[in-house]
Amino acid sequence: MQKYLLFLLCSSSMFSQTIHEKYPDNQTDYIGGNVQFYKDFQQVLKDKNLEPCADKAENLHFRLVVYPDKSIKYVKSEDPTVETYKCTFELSKQVVKYLKGWNPAEVNGEKVAAATTFLIIPSELFGEIKEGYDPINDLEMAMYEGGIQKFRKKVFQGIDISGYNFTGTFRMEATFYIERDGSMSNIELAQSSGLKVFDDMIITSLSKIKNKWKPGTIHGIPVRYKFRLPIAFAN
């Protein structure tokens, strides 16, 4: 049986419920998928005569939980710009409460509460969007100056495997965000070595790289980009 990461969301009324950190693979959080979500989002903007944000570059990964009864609750975003782009956050809160297409996640045949995230770019949603609009489809990935191999070289310069004995090849995977200003944040290991001191060395090596990246963009607007870095060691 596939296992999913869980976390607890506690409300001010001291109510707590187990919530899945993400939707299971191949399940959609909104009936009609992202395309329908953005169409409905834009329609609410028009119907409610909501005002656009002054900063046309504002964008935010808006995070919420969809419950088995199709009710929703927004949760604190891991996006550090949530205070900077407060207009987008407040606008998203106003809109999502009117949306009706929420599709609860299912695990083992039962509906469960699960978290999901949508990228909101107000300047685009207040304008004319093309048929089938889904901003993620137009994402241009973040790039490291000099290329990814140069970045890998810098990572390995901070790793000393001379004190470790292993045979064959073993693989790890690091994840981190490229922020809108090109800096790195939230460095973690999605695939561990199983040895904390070795894992810490990998994270430290990544943390010491201060060169900024060219951020990911959508239609020229810098967006927060999650990067996955496979790392292999052979002996």
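Here are a few quick questions and answers.

Modeller: It's a predicted model, where local features need pLDDT of at least 70, side-chain atom pairs count only at pLDDT 80 or more, and totals for chains, interfaces and linings use all residues. Residues are numbered from 1 along each chain as its sequence is written, and side-chain values use heavy atoms, leaving out hydrogens and water.

Colleague: How many of the protein chain's 235 residues, as a percentage, count as buried?

Modeller: The C-alpha trace spans about 65 × 40 × 35 Å along its principal axes, and the chain has five helices and 15 strands (DSSP runs: H or I, at least four residues; E, at least two; numbered from the N terminus). With buried meaning under 20% relative accessible area (1.4 Å probe, protein chains only), the share is 42%.

Colleague: How are α1 and α2 oriented to each other: roughly parallel or roughly perpendicular?

Modeller: Helix α1 covers residues 33-47 and helix α2 residues 86-96, with their axes 10 Å apart. Those axes are lines fitted to C-alpha atoms over the stretch in contact, with angles from 0 to 180 degrees between N-to-C directions. The helices pack at about 95 degrees, and 65 to 115 counts as perpendicular, so α1 and α2 are roughly perpendicular.

Colleague: Which residues of α2 make the contact with α1?

Modeller: Contact here means heavy atoms within 4.5 Å. On the α1 side, F41, V44 and L45 take part. Facing them from α2 are L91, S92 and V95.

Conventions. Angles under 35 degrees count as roughly parallel, over 145 as roughly antiparallel, 65 to 115 as roughly perpendicular and the rest as oblique. Buried means under 20% relative accessible area, exposed over 50%, partly exposed in between (1.4 Å probe, protein chains only).
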